[in-house]
Amino acid sequence: MRDQNPQQAELGAGISRPLVFLLAFTCGAAVANLYYAQPLLHTIAHAFSVSNSAAGLLVTVTQAGYVIGLALLVPLGDLLERRQLIAAMLLVAAAGLGVAAAAPSFAVFALAVAILGVTAVVAQIIVAMSSSLAAEHERGRVVGTVMSGLLIGILVARTISGVVAQLLGWRVIFALAAGAMVLLAGVLRWALPRVPTTERLPYPALLRTVLDLVRAEPLLRQRMILGATAFGCFSVLWTSVAFLLSGAPYHYGNAVIGLFGLAGLAGVLAAPAAGRLSDRGRGRAAMSGSIIVLLLSWGLLAFGKSSVVALIAGIVVLDLGAQAMHISNQSAVYSLHGQARSRLTTAYMVAYFSGGVALSAATSALYSSGGWDAVCALGAGTATVGLITWLVTERVMTGRLPIGADSSA
């Protein structure tokens with residue numbers, strides 16, 4: 001393919017607003033591939049004549065693929081030219097979506113969604129790239145905007161998938177998404193500047209440096225723990241809320257339950273705001289406030305057992321806190337090493353996602369035995385762990401408590 005945009009980008013020189021929005025849209029479209037199958041599991045089980053429990057394994061397969069991609073592919077963003085890497089991964093995702101749309105058997109479909117899990121980490125490579133291109137004074141805002149696109153993709157994917165499946169059949173959403181990936185690969189191949197590589201290490205040595213960064217950087221270790229608690233709380237809520245809403249006293253159907261995901265759009269507002277605070281040197285205040293908001297949300301959610309107003313308010317507040325924590329974490333982590341942002345992303349996101357997987361599994365087991373009250377206690381306990389971690393580690397790292405005091409992200 002002839003190079004349509006040979007311009008070489010200067011890292012940290014700034015990034016245009018249209019390009020930021022394009023990258024945000026691409027992040028959302030790429031990560032949405034992880035979620036198209038989730039509202040269709042019963043339909044897919046029927047189509048392939050497998051049990052619902054077997055179809056449920058598709059979620060696990062996708063998550064496993066995502067973790068593999070985080071560990072093995074995201075570090076390539078520091079080793080390879082990112083424009084070409086992003087375009088190539090989008091094309092592989094398109095192939096996976098095409099296989100899913102035409103899959104003749106359940107095993108082939110499972111392989112396809114595993115590929116989608118691996119390639120969805122292109123969104124994290126894009127986030128790291130946007131951080132590298134952004135000027136210092138705008139980095140938090142840029143990362144927050146791109147992450148808002150990613151979050152929107154997560155939240156609307158299930159709704160879009162359900163509507164398309166209802167109108168046109170369940171395979172069509174995968175075919176449409178495949179076309180979107182091909183289109184985006186072409187647009188980005190033309191629109192993105194060349195981004196210089198930052199490492200010349202052999203690939204195995206590059207992977208080892210991820211562990212070296214974790215060992216060497218206490219701030220990275222701190223933010224990995226905080227990220228795990230933030231996404232852990234997010235997963236506790238969204239793993240269990242469908243169980244609550246489908247039973248007494250609500251007895252809602254799938255369509256109504258799906259609409260509750262739109263309350264999570266509040267997190268889209270939190271992301272740029274947290275980024276701007278970090279840009280202004282108020283990262284510690286942003287983190288302190290975010291953790292407190294996350295903890296308070298479980299008080300509202302506890303009343304959601306019998307009050308739909310309290311439940312919706314709790315969802316909004318939790319998503320605000322969790323997303324603001326996530327953006328504050330990323331802004332702080334990306335301040336460490338400008339030449340290693342993809343590997344920093346790998347370390348942070350593996351911890352972040354692992355916290356979600358562990359808490360989601362715990363929630364599934366806990367809800368059946370303790371109900372909504374036990375789930376809220378688990379969520380509040382997880383947020384409390386985050387608050388204690390923040391207070392203790394900041395005191396060790398800076399010699400003072402963070403609440404109300406700030407100097408930098």
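This is a predicted model: local features need pLDDT of at least 70, side-chain atom pairs count only at pLDDT 80 or more; totals for chains, interfaces and linings use all residues.
Is Leu265 buried, partly exposed or exposed, and what is its relative accessible area? I looked this up first: Leu265 is partly exposed, at a relative accessible area of 31%. My scale here: buried is under 20%, exposed is over 50%, and partly exposed is in between, with a 1.4 Å probe and protein chains only.

Residues are numbered from 1 along each chain as its sequence is written, and side-chain values use heavy atoms, without hydrogens and water.

Next, where Leu265 sits. I find Leu265 in the loop between helix H11 (254-259) and helix H12 (266-279). Helices are DSSP runs of H or I with at least four residues, strands are runs of E with at least two, and both are numbered from the N terminus. I get 15 helices and zero strands in the protein.

Then the surface. Ile152, Leu259, Leu262 and Leu265 make a nonpolar patch of about 310 Å². For the whole protein I have an accessible surface of about 16200 Å², with 68% of it belonging to carbon and sulfur atoms; areas are Shrake-Rupley with a 1.4 Å probe, and for residues only the protein chains shown count as cover. Of the 409 residues, 55% count as buried.

Last, Ala242. I place Ala242 in helix H10 (residues 218-246), partly exposed at 29% relative accessible area. From Ala242 to Tyr252 I get 8.9 Å, C-alpha to C-alpha, and ten residues in sequence.

Key: Patches are made of residues with over 30% relative accessible area and no salt bridge: like charges are joined within 9 Å, nonpolar side chains (Val, Leu, Ile, Met, Phe, Trp, Tyr) within 5 Å. A salt bridge is a side-chain nitrogen of Lys or Arg within 4 Å of a carboxyl oxygen of Asp or Glu.
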